[in-house]
Amino acid sequence: MKFTAAGDMIIQKRIYEGYDFSELSDFIKQGDARFFNLETTLNRTGDTCGSAFSGGTYIRTDPEVLDDIKPYGFNMTSFNNNHALDFSYGGFFSTLEAVNASGLVHSGAGRNLAEAAAPAYLNTKNGRVALISVNSNFDPSAMAGEQSPLFPGRAGVNGLRIKSRVELPKEELEHIKRIAKATNINAAKEITRKEGYYPELCDDECELGELKFKLGDEPRFVMEIDERDIARVEKAIFEASLQADYIMISVHSHQISGDSKEEPSQFLKDFAHRCIDAGAHAVVGHGPHLLRPIEVYKDCPIFYSLGDFVLQLYNVETAPEDFFQKHGLTSASTVHELLAKRSKNFTVGLMTDKRMFRSVIPLWETEGTKLKSITLMPIEMCMDGNKAETGLPKKSCNPEIFEYLRDMCKSYGTVLTLRKDGLIDCKW
């Protein structure tokens, strides 16, 4: 079988008639399964309220953009990302309705947790593909809820909840305890704890407000996935193994290791390996809006982030009052003023960083479930010039994309070679 995938599609306007994407679509259509991450909500201006939170920018566009996207050749998607509930449940359900009507196979979002967590299936002439989609970046209220005999489930996304803590040697941990005691920052919580509403802390633990600290050998920040969420994904993989020939995991994750946005978090690496150990055959990551390394683990590809495929954050035409107030304005201001203020007059942010406009589309081929080859098409999104083309992708011959990805893949044992036709071969 063959597979292609693209990263984040933050699409905010219709693609104009005549835009030439034939080179991309010819490459994408080589895959039997062809995936992208739909990072927007699909609803009409004014049809639904904005949430009290957003994924960063409140993003929405009209459902007809799916008619512009499908000719690229995609047949699988997910909108399980940090923007899924930017426009509350109204925007969520209108997106769900539009994606269902489009015929695109999708997973990761649903009317309850069972629906959001379930695999979705694509039938192709060469086999059946399962898609399971998860997300580690979401407001807690955006997570779908379980149904029970008495109550319906809550609509939302299939989330990976993250538990974080700071580990410190004993002397430094005791210093944090002294700060907590001197400031009374935990006083109300400790009263509530004595009333039985919070679990007791051990001697080697303490809290400073919402920050949790634990005794460790050296200072470090630790993030771990809630085991209940991993168990749910593993159960979905087990279920899919009966129904599908190939299982693909989509994971939306922004968290990092160290101080580099390009380096995936340790929990994401552990999660990807556990998915493959459980029977998945590929992990397709997206979220941080730039490329991350490619790893091959047990003959299965892991794309820690495919970056962007469409990036149109400056094409937001309307915004709820909350977004204006967050930046010290009101909706009497224009969106132009809002975005200018947030970006320090368009000098900072994703739309000014060339890394966000450079990506690759992988094409990987398997024999059975064993990986045979990976070929990458470098792409660049339009960053300047014609505003109708801003953020739209085309094949790139820029060697900087190859060099950038080659260098970050070295420590993962993946060797990249640039071909004369501009494509990139991966060896492992």
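# Close-up views of a predicted model

**View 1. A salt bridge joins Lys-212 and Glu-207**. In this predicted model, the side chains of Lys-212 and Glu-207 come together in a salt bridge, with N and O 3.0 Å apart. Are these two residues buried or exposed? Lys-212 counts as partly exposed because its relative accessibility is 40%. Glu-207 has a relative accessibility of 5%, so this residue counts as buried.

**View 2. Glu-207 and its surroundings.** Start by finding strand β12, which spans residues 205-208 and holds Glu-207. Looking beyond the neighbours within four places in sequence, you will find Glu-207 in contact with Ala-180, Asn-186, Lys-189, Arg-193, Leu-201 and Lys-212. Salt bridges also link Glu-207 into a network with Lys-189, Glu-190, Arg-193 and Lys-212.

**View 3. Lys-354 and Glu-400 meet in a salt bridge**. Here the side chains of Lys-354 and Glu-400 are paired, with an N to O distance of 3.8 Å. This pair links distant parts of the chain, as the two residues are 46 residues apart. Where does each partner sit? Lys-354 is in the loop between α10 and β22, while Glu-400 belongs to helix α11 (residues 399-409). Lys-354 counts as partly exposed because its relative accessibility is 45%. Glu-400 is partly exposed too, with a relative accessible area of 37%.

**View 4. Arg-419 pairs with Asp-425**. In this salt bridge, the closest N and O atoms of Arg-419 and Asp-425 are 3.1 Å apart. Arg-419 has 30% relative accessibility and so counts as partly exposed.

**View 5. The largest nonpolar core.** Now turn to a set of 62 residues, the largest nonpolar core of the model. Which residues have the most contacts inside this core? They are Leu-38, Ile-69, Tyr-72, Phe-74 and Phe-309. Helix α3, made of residues 88-102, gives the most to this core, with four residues. For a closer look, pick Leu-38: with neighbours within four places in sequence left aside, its contacts are Met-9, Ile-11, Leu-66, Ile-69, Thr-77, Ser-78, Phe-79, Asn-81 and Val-99. Another core lies apart from this one; it has 33 residues, including Met-1, Leu-122, Phe-303 and Ile-424.

**View 6. Asp-299 and Lys-344, two residues with positive phi**. Neither of these residues is a glycine, yet phi is near 65° in Asp-299 and about 50° in Lys-344. Where is Asp-299 found? Look in the loop that runs between β19 (294-297) and β20 (300-303). Asp-299 has a relative accessible area of 31%, so this residue is partly exposed. Lys-344 is in a loop as well, between α10 (335-342) and β22 (358-367). Is Lys-344 buried or exposed? Lys-344 is exposed because its relative accessible area is 60%, and exposed means over 50%.

How values were computed:
Residues numbered from 1 in each chain as written. Predicted model: local features only at pLDDT ≥ 70, side-chain atom pairs only at ≥ 80, totals over all residues. Heavy atoms only, no water. Core = buried A, V, L, I, M, F, W, Y, C linked by side-chain atoms within 4.5 Å. Buried < 20%, exposed > 50% of the residue type's maximum accessible area, 1.4 Å probe, protein only. Contact = heavy atoms within 4.5 Å. Salt bridge = Lys/Arg side-chain N within 4 Å of Asp/Glu carboxyl O.
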